[in-house]
Amino acid sequence: MSWRRGGGADGVARRWVLLLCVGSFCLGLLFTNRMWTLPEASEVAVPNERRGKESELKAGDCSIRKVQGKHDYSDMLHISDTHHNAQTLDKTIANLETELSAARTLQDSFLNGSPVSEEYKASESTVRRKYLMVIGINTAFSSRKRRDSIRNTWMPQGEMRKKLEEEKGIIIRFVIGHSAISGGIVDRAIEAEDKKHGDFMRLDHVEGYLELSGKTRTYFATAVALWDADFYVKVDDDVHVNIAMLGNILSKHILKPRVYIGCMKSGPVLSDK
């Protein structure tokens with residue numbers, strides 16, 4: 001009743017205000033929806049796509065890294081195995097060289113007629129003993145009587161020879177190579193003689209009268225390799241040496257460097273065969 005009582009123009013105004021309010025509300029909703037949907041389509045969707053792409057890239061990266069990691073790990077294993085094999089090979093070679101050196105020392109001790117234990121201990125020692133002189137007696141396969149004559153005169157035998165080496169520093173050996181047919185009857189005869197007396201130094205040299213210069217050179221090289229001495233002496237098996245007098249003569253020159261005592265050839269050189 002009060003609404004009717006308000007009458008005419010007043011009621012119409014209220015209706016228009018209500019309609020305007022409803023219209024404004026609807027317009028506001030519509031405007032608000034458009035404002036929120038546009039960013040979702042243009043701005044929000046794009047980061048989602050980027051995230052998807054980035055996630056794909058990351059996933060791809062992971063797979064690539066996994067594959068690369070596998071390759072790197074296998075390469076590392078391969079390098080490690082190669083390094084281990086190389087170290088094992090080096091150790092094997094070092095062991096073989098040690099065994100070869102020991103075998104050569106053992107062979108030298110047999111060839112020189114010295115006890116194996118003493119020669120082997122000498123080879124293991126870092127400091128080589130200094131001897132006064134090494135006397136090499138140049139001999140041949142057919143010179144058995146000459147060698148026996150030397151053994152019975154100026155060359156001590158057995159324990160006397162070892163005592164001469166230890167106390168006086170004088171080493172005496174018969175020097176001989178091998179025949180053209182290694183292991184032949186003459187070689188076996190020398191081996192039997194060496195087994196009995198133990199006073200040979202065998203050379204890696206083929207015996208022959210025309211090869212005496214080469215034999216002498218090989219003797220000196222072998223003697224220097226086996227013993228450290230002040231003097232290295234070469235004599236023939238038809239020479240009888242006075243060891244005491246030779247020692248006195250050499251002792252006068254022991255402090256001089258590069259001493260050569262012997263027959264110095266002179267005159268024209270014969271080149272015609």
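**Salt bridges, surface patch and cavity of the predicted chain**

Arg147 is buried, at a relative accessible area of 1%, where buried denotes under 20% relative accessible area, exposed over 50% and partly exposed in between (1.4 Å probe, protein chains only). The model is predicted, and local features therefore need pLDDT of at least 70, side-chain atom pairs count only at pLDDT 80 or more, and totals for chains, interfaces and linings use all residues. Residues are numbered from 1 along each chain as its sequence is written, and side-chain values use heavy atoms, with hydrogens and water left out.

The protein chain contains eight helices and four strands, taken as DSSP runs numbered from the N terminus (helices: H or I, at least four residues; strands: E, at least two). From the N terminus on, the order of elements is α-α-α-β-α-α-β-α-β-α-β-α. Of the 273 residues in the protein chain, 23% are buried. Arg147 itself belongs to helix 4. The C-alpha atom of Arg147 is separated by 8.7 Å from that of Asp238, which is 91 residues away along the chain.

A total of 15 salt bridges was counted, a salt bridge being a side-chain nitrogen of Lys or Arg within 4 Å of a carboxyl oxygen of Asp or Glu. One of these joins Arg146 to Asp237, with 3.0 Å between the closest N and O atoms. Arg146 lies in helix 4 (residues 144-152), whereas Asp237 lies in the loop between strand 4 (228-236) and helix 8 (243-251), so the pair ties together parts that are 91 residues apart in sequence.

Asp148 is partly exposed, with 25% relative accessibility, and Arg151 is buried, with a relative accessible area of 7%. Arg151 forms a further salt bridge with Glu193, at 2.9 Å from N to O. Because Glu193 lies in helix 6 (residues 185-197) and Arg151 in helix 4, this pair ties together parts that are 42 residues apart in sequence. Glu193 and Arg151 are both buried. A network of salt bridges links Arg144, Arg147, Asp148, Arg151, Glu193 and Asp199.

On the surface, Met245, Ile249, Val259 and Ile261 form a nonpolar patch, with about 340 Å² of accessible area together. Patches comprise residues with over 30% relative accessible area and no salt bridge, like charges being joined within 9 Å and nonpolar side chains (Val, Leu, Ile, Met, Phe, Trp, Tyr) within 5 Å; accessible areas come from the Shrake-Rupley method with a 1.4 Å probe, and for residues only the protein chains shown count as cover. Ile261 is located in the segment after helix 8.

One cavity of 30 Å³ or more was found, a cavity being a set of points, on a 1 Å grid over the protein atoms alone, where a 1.4 Å probe fits but cannot get out, with lining residues having an atom within 4 Å of a point. The largest cavity has a volume of about 40 Å³, and volume refers to the space filled by probe spheres set on the points, which are joined across faces, edges and corners. The lining of the largest cavity consists of Asn138, Val175, Lys215, Thr216, Tyr219 and Lys234. Helix 7 (residues 212-226) contributes the largest share of this lining, three residues.

Definitions and conventions: 1 Å grid on protein atoms, 1.4 Å probe; cavity = no way out; pocket = protein on both sides within 12 Å on 5 of 7 lines; lining within 4 Å.
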